[in-house]
Amino acid sequence: MTETTPTTLPAQSPPADPAGTAKARLSWWRGDGGEGAKRNLGLLATLAVLVVIGVLTRPDLYGDASWVWGNTLTILKLASVVGVVTVGMTFVIIGGGIDLSVGAIVALAGVWCTTVATQSYGAGGMIFSALTVGLAVGVVNGLLISYGRLVPFIATLAMMVAARGLAAEISDKQTQVSNNQFINGIASTDVLGIPLLVYILAAVVLAGWVLLNRTTFGRTVAVGGNPEAARLAGINVRRHTLLLYALSGLCCGIAAIMLTAQATSAQAAMANLYELDAIAAAIIGGTLLSGGRGTIIGSLLGVVIFSTITNLFAINGLSTEAQNMVKGGIIVAAVLVQQVQFGSLTQFLARNRATTT
Amino acid sequence: MSAPADAVAGEVVLRLTDVVKTFPGVRALDGVQLEVRAGEVHCLLGQNGAGKSTLIKVLAGVHRPDSGELEWRGRPAAFANPQAAMRAGIATIYQELDLVEDLSVAENAFLGHEPGRLGFVRRGHTARRTRQILARLGHPEIPPGRLVRHLPAAGKQIVSMARALSHEARLIIMDEPSAVLAHDEVGNLFRIIRELTAQGIAVIYISHRLEEIREIGDRVTVLKDGRTTAANLPARDTPTRDLVARMTGRTIEYVFPDRPADAPPRPELLRVDGLTRHGEFADVSLTVRAGEIVGIAGLVGSGRSELLETIYGARRSQAGTVRMGGRTLRPGSVGAAVKAGMGMAPEERKSQALLLGEPIYRNVTLATFGRYARLGFTDAGRERAAAGRMAAALDLRPRDVRRPVRTLSGGNQQKVVVGRWLLGDTRLLLLDEPTRGVDVGARAELYQVVRELAARGVGVLLVSSEVPEVLGLADRVLVMREGRVVREAPAGDLDENTVLDLVMAGSLMEGAPA
């Protein structure tokens with residue numbers, strides 16, 4: 001091919017100059033998402049405001065440093081399970097889809113890994129079965145959407161109903177108690193004063209960030225905003241769609257183990273409405289519902305903001321109802337802010353294109 | 001011909017004087033004159049991009065002219081929106097019929113102005129009036145309650161006309177109405193048009209088929225580059241040569257790079273045999289040699305873009321084969337085509353080729369980022385370096401590859417798409433309307449890039465609705481009409497008029513008595 005390339009055009013194989021590689025290595029950690037970083041600063045500011053409200057309403061509690069540390073860990077622990085699910089959800093939404101079945105997958109995986117038969121294989125068997133069930137359900141979702149050409153909303157809505165049904169069938173609508181001390185210990189163990197659940201969340205977030213921002217897989221996820229362009233560039237969009245839902249299912253499997261450990265039991269109704277929490281957190285975190293844009297860190301901040309609000313209401317002894325109203329308001333406010341920032345420009349361009357025929 | 005000879009003597013209902021309409025970067029209308037009389041069929045003729053669509057939209061109240069006068073039934077008029085134009089009595093039947101598929105015939109006919117009482121739609125009354133209008137159109141057999149979805153294309157067109165009549169339209173604009181119709185249905189359309197004009201309704205008729213214009217038209221106005229180049233020519237007696245001449249002979253001369261002197265023939269790169277997709281194109285065979293630029297001329301709807309996308313595997317062929325370097329490609333697989341060395345710059349740059357919010361370098365490396373990666377980990381630094389070299393080679397402006405692609409001009413966006421394939425092992429470049437939305441200066445640069453690529457052995461298959469572009473850039477030209485290749489010749493053996501004649505010849509009317 002080299003001889004057919006114009007001389008003025010650069011060589012097509014990447015050069016092996018050491019200076020460039022060193023520079024490249026430096027740039028490995030420097031993200032490209034300037035917009036994303038700005039949005040995340042906004043989310044941190046929101047978080048700060050929430051903390052200030054906490055300080056103002058309960059100065060007595062915030063005067064105690066050890067209480068503050070403990071409360072921070074409580075918030076993070078509260079965020080951990082939904083956080084893991086949200087990482088998977090973020091991938092799916094950036095890839096141009098949606099996964100309504102995450103709560104149901106968590107329930108199915110939780111119930112499956114706590115049956116008497118599974119528990120007889122010990123902790124390893126339980127973890128393996130939860131991850132496998134989550135992955136398998138995700139693959140089914142992915143197959144229906146990528147090769148069955150179902151709309152993601154419909155496919156995962158059907159899966160949401162079906163997986164909960166299967167979970168109820170398996171558990172016979174009973175609460176299945178986990179007798180495995182290792183599994184139950186996951187929720188009660190602290191390492192260096194920090195709960196193990198928080199480590200798991202951190203690990204999943206880190207893995208998700210690397211996967212999205214530094215791998216070829218992540219690059220193909222990011223073209224979710226324009227799958228047609230990706231397809232015409234020769235990218236196998238279907239296979240990547242399948243992998244996205246498989247990834248979401250795997251995250252649900254991890255979350256199922258965490259949630260089962262917290263409750264020391266599993267039942268068909270567990271992880272109720274997690275799909276909405278995860279979608280809401282991703283949206284607040286700046287993920288565009290139409291795909292193509294979003295960050296893992298933003299989604300994590302979204303989850304933490306939600307659990308901080310829950311915590312704020314709890315320490316002030318307020319009702320969950322009021323809490324939910326505030327959450328709803330925050331979702332609307334977050335989306336409105338984003339539309340002002342980015343929507344105006346893209347709409348302007350779209351309008352121009354529409355009129356110049 | 002049955003059209004009354006004195007129709008032209010009707011009063012002037014519409015008069016446009018020096019109408020100008022600009023969009024950012026484009027002067028779509030640049031001094032349009034138009035005079036339409038009651039009871040006449042006034043034909044608008046012009047190449048793609050001549051401004052016909054914009055003119056229709058000005059008349060329909062979609063766009064407001066920047067300057068110039070619009071006189072409607074003797075008074076200056078300005079339509080604030082499509083509803084206002086409708087109320088004034090101007091109805092437009094767009095090429096893509098704007099009917100609601102899941103509403104009934106009657107509901108579509110009276111959409112937006114349903115006869116009602118106290119907020120309730122008078123369904124019986126609506127149905128009755130629809131039936132009357134359909135009878136007036138000679139189609140009493142269409143049931144007003146039938147869903148539009150279940151009607152054939154010709155029936156849908158009747159419903160569009162019924163909608164126009166439900167508004168008591170004095171002027172009906174028809175944008176290529178025959179494009180969706182079969183042969184015998186065109187005769188019926190003409191019969192209806194004659195009945196409408198006999199009732200004093202004026203019709204603006206747009207078509208690329210000269211034979212149709214001769215049969216149904218009274219007078220012709222020709223547009224070119226947004227200007228009226230000839231007004232009120234007699235539709236039946238003006239020689240075809242004259243009409244075509246008024247449509248061409250552009251004011252802007254494009255600069256095309258010189259063709260190389262006779263080069264030794266290079267090996268064949270692409271061979272397409274009997275490629276067919278029903279309803280789009282049939283039995284197309286062509287070849288492209290290494291270093292050769294092959295151009296396809298044809299109108300929108302001639303099947304040229306569909307053909308290109310099928311060769312590329314973005315659409316699956318129903319018959320025929322595509323071979324690259326002697327190896328047959330799997331139909332319907334873009335991956336296989338790219339692996340075999342094809343790359344495409346699709347027609348709709350923004351929706352089909354670019355990730356507008358992503359930085360330039362990510363768009364440039366979209367097809368190749370895998371080869372800058374190690375063990376599945378991408379390397380943004382090396383990608384940026386490669387994209388930067390490509391940006392320098394193509395003289396991309398701005399040079400900073402971290403800027404989002406949406407901030408670039410059309411010409412530079414196209415360079416990004418071309419650069420994407422140059423980074424890969426692309427041996428054959430498929431270009432679909434490469435200069436759409438690209439200004440004149442940038443066009444010359446793009447032509448230069450394409451010619452330079454060919455000189456280095458890359459094969460190019462080029463589709464364009466601009467005939468001068470195909471003739472000026474390509475070595476060999478294929479003319480397509482209604483899904484078939486009707487002529488193949490070296491570009492030097494063809495001129496613009498010949499190609500336009502071929503492109504627009506009304507195969508529908510072939511064999512009909514002249």
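Author: In this predicted model, Leu134(B) touches Val105(B), His139(B), Pro140(B), Ile142(B), Ile158(B) and Ala162(B), leaving aside residues up to four places away in sequence.

Reader: Why is Leu134(B) called buried?

Author: Leu134(B), which is placed in helix H4 (residues 123-136) of chain B, has a relative accessible area of 0%. Buried means under 20%, and therefore Leu134(B) is buried.

Reader: Why is Val139(A) called partly exposed?

Author: Val139(A) belongs to helix H7 (residues 122-146) of chain A. Its relative accessibility is 30%. Because partly exposed covers the range between the buried limit of 20% and the exposed limit of 50%, Val139(A) counts as partly exposed. With Leu135(A), Leu143(A) and Tyr147(A), Val139(A) forms a nonpolar surface patch of about 320 Å² accessible area together.

Reader: What makes S14 and S17 of chain B edge strands?

Author: The open sheet has four strands in the order S14-S13-S16-S17 (chain B), with antiparallel pairing. Strand S14 (281-289) and strand S17 (327-328) each pair on one side only.

Reader: How do you know that S16(B) and S17(B) pair?

Author: Pairing requires at least two bridges, and two bridges join strand S16 (residues 319-324) to S17(B); therefore the strands pair. Arg323(B) stands opposite Thr328(B) in S17(B).

Conventions. Residues are numbered from 1 along each chain as its sequence is written. Chains are lettered from A and ligands numbered from 1 in the order in which they are written. This is a predicted model: local features need pLDDT of at least 70, side-chain atom pairs count only at pLDDT 80 or more; totals for chains, interfaces and linings use all residues. Side-chain values use heavy atoms; hydrogens and water are left out. Patches are made of residues with over 30% relative accessible area and no salt bridge: like charges are joined within 9 Å, nonpolar side chains (Val, Leu, Ile, Met, Phe, Trp, Tyr) within 5 Å. Accessible areas come from the Shrake-Rupley method with a 1.4 Å probe; for residues, only the protein chains shown count as cover. A salt bridge is a side-chain nitrogen of Lys or Arg within 4 Å of a carboxyl oxygen of Asp or Glu. Buried means under 20% relative accessible area, exposed over 50%, partly exposed in between (1.4 Å probe, protein chains only). Contact means heavy atoms within 4.5 Å.
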